[in-house]
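Hi,

Here is the structure I promised to pass on. Have a look, and my notes follow below.

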Amino acid sequence: MEDLILVTGGAGFIGSNFILQWIPSESSRLLNLDKLTYAGNLNNLSAVAGHPRYRFEPGDIVDRKCLRGLFQHQQPRAIVHFAAESHVDRSIHGPDDFIHTNVNGTFNLLEETRAYWTGLAEADRTRFRFLHVSTDEVYGSLGPDDPAFSETTPYAPNSPYSASKAASDHLVRAYHHTYGLPVVTTNCSNNYGPCQFPEKLIPLMILNACAGKPLPVYGDGENVRDWLYVEDHCRALRTVLADGRVGETYNIGGRSERKNLEIVGDICRLLDELHPNDSGASYSRLVTFVKDRPGHDRRYAMDTRKIERELRWQPQETFESGLRKTVSWYLEHQDWVHDVTSGSYRQWMAKNYAQR
Ligand code: NAD
Ligand code: TYD
């Protein structure tokens, strides 16, 4: 076994932030396997592209031959599995890709991992880890006064996205219980930060505001999410990979519950300060209530006491400091924005917002 970790989906939002943090902080080499869907962007990784401990490999987690070849030739000591279709609205318009990648892809990855892991020497089998990166959305939706999701909250996924992630979590669990594969699963709340594809709430609102376009708030804007700055999530993943207990799941969150409307207001205020309109009018005039998302989960909140207690992890960023960094990042990276808001992005925006 080599001192190498295999990351799947490392060209996406969280995966690329993870790699950018890993390379300067850790000593193991890292191989990034990514299919480069619309959400994968190698520009996110330009800072490490030529680094001797980093390599990119184009490929699909559904493709077992590709996975087998990688395991044979690279002999990783761990897998950090990010690759997924990740956007709820897209899962509503077209669930097929979600089942294909999130369910069949995770299954194929588990099967090839199991074949590779079974053939390792005993000490290597013990040391090996499969870290599965999942979401709080598998737990369903909370009422306003319900306690936050804990690791023992029953699964109740409501969207094709969360159902496909729940299915993958169950497969990962079963591979531990049945075959003894040394897995750890993390369920994290909504992330935000640099390099997030602007189909998601925070970057979409920043870019729409800068372009003078409407800020489309679904329903009454009172839905609540628990927001975590992406670099805090990546630190949590490194901690879980190093010290998490095999077969366990860990909830990760920011203890930062916010209503969507509050977030859009915060973004408008930050832009008024950092990028004021020529006319002097506030960006908040662009807020537009639109038709709700079907099956829209009302509230997510994470009880993170387990990871705090066992692994001494805590977020370093507050929502206020993280949001300021994020708005500044988008304002300072116009080239990145220009690259990702090309033809296919415009098609998605037209499709998702046409009938709202
Ligand atoms: P993303 O959509 O930005 O990136 C996904 C990456 O996976 C892309 O680079 C894409 O090219 C790649 N990919 C997709 N299908 C693939 C396939 N078949 N084979 C290989 N690569 C493939 O997603 P993200 O926001 O970075 O999320 C990463 C992971 O974290 C996902 O598993 C997601 O469910 C989970 N997660 C995300 C959040 C969040 O707020 N974004 C929160 C909790 C958990
Ligand atoms: P999103 O970023 O899609 O994450 P998720 O659905 O996985 O939580 O959405 C976050 C919240 O913002 C969610 O309640 C839906 C809402 N939302 C809007 O109000 N308008 C939008 O244009 C988008 C994309 C999301």
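How many nonpolar, polar and charged residues does the shell around ligand 2 have? The shell has nine nonpolar residues, along with five polar and five charged ones. Before you read on, keep in mind that this is a predicted model.

Now for who sits where. There are 19 residues around ligand 2, and those that come nearest are E137, R225, R293, H296 and Y353.

- E137: an N or O atom in the side chain is 2.5 Å from an oxygen atom of ligand 2.
- R225: a polar side-chain atom lies 2.7 Å from an oxygen atom of the ligand.
- N190: here too a polar side-chain atom lies by a ligand 2 oxygen, at 2.9 Å.

Two elements to click on next are α7 (201-210) and β8 (215-218), as each supplies at least two residues of the shell around ligand 2. The helix α7 is largely enclosed by the rest of the structure, because eight of its ten residues are buried, that is, under 20% relative accessible area. The buried residues in α7 are I202, P203, L204, M205, I206, L207, N208 and A209. Just after α7 comes G212, which takes a positive phi of about 70 degrees.

Cheers

Technical notes
Residues numbered from 1 in each chain as written. Chains lettered and ligands numbered in written order. Predicted model: local features only at pLDDT ≥ 70, side-chain atom pairs only at ≥ 80, totals over all residues. Heavy atoms only, no water. Near = heavy atom within 4 Å. Polar contact = N/O pair within 3.5 Å; in protein donor to acceptor, adjacent residues only side chain to side chain. Helix = DSSP H or I, 4+ residues; strand = E, 2+ residues; numbered from the N terminus. Nonpolar A, V, L, I, M, F, W, Y, C, P; charged D, E, K, R; others polar. Buried < 20%, exposed > 50% of the residue type's maximum accessible area, 1.4 Å probe, protein only.
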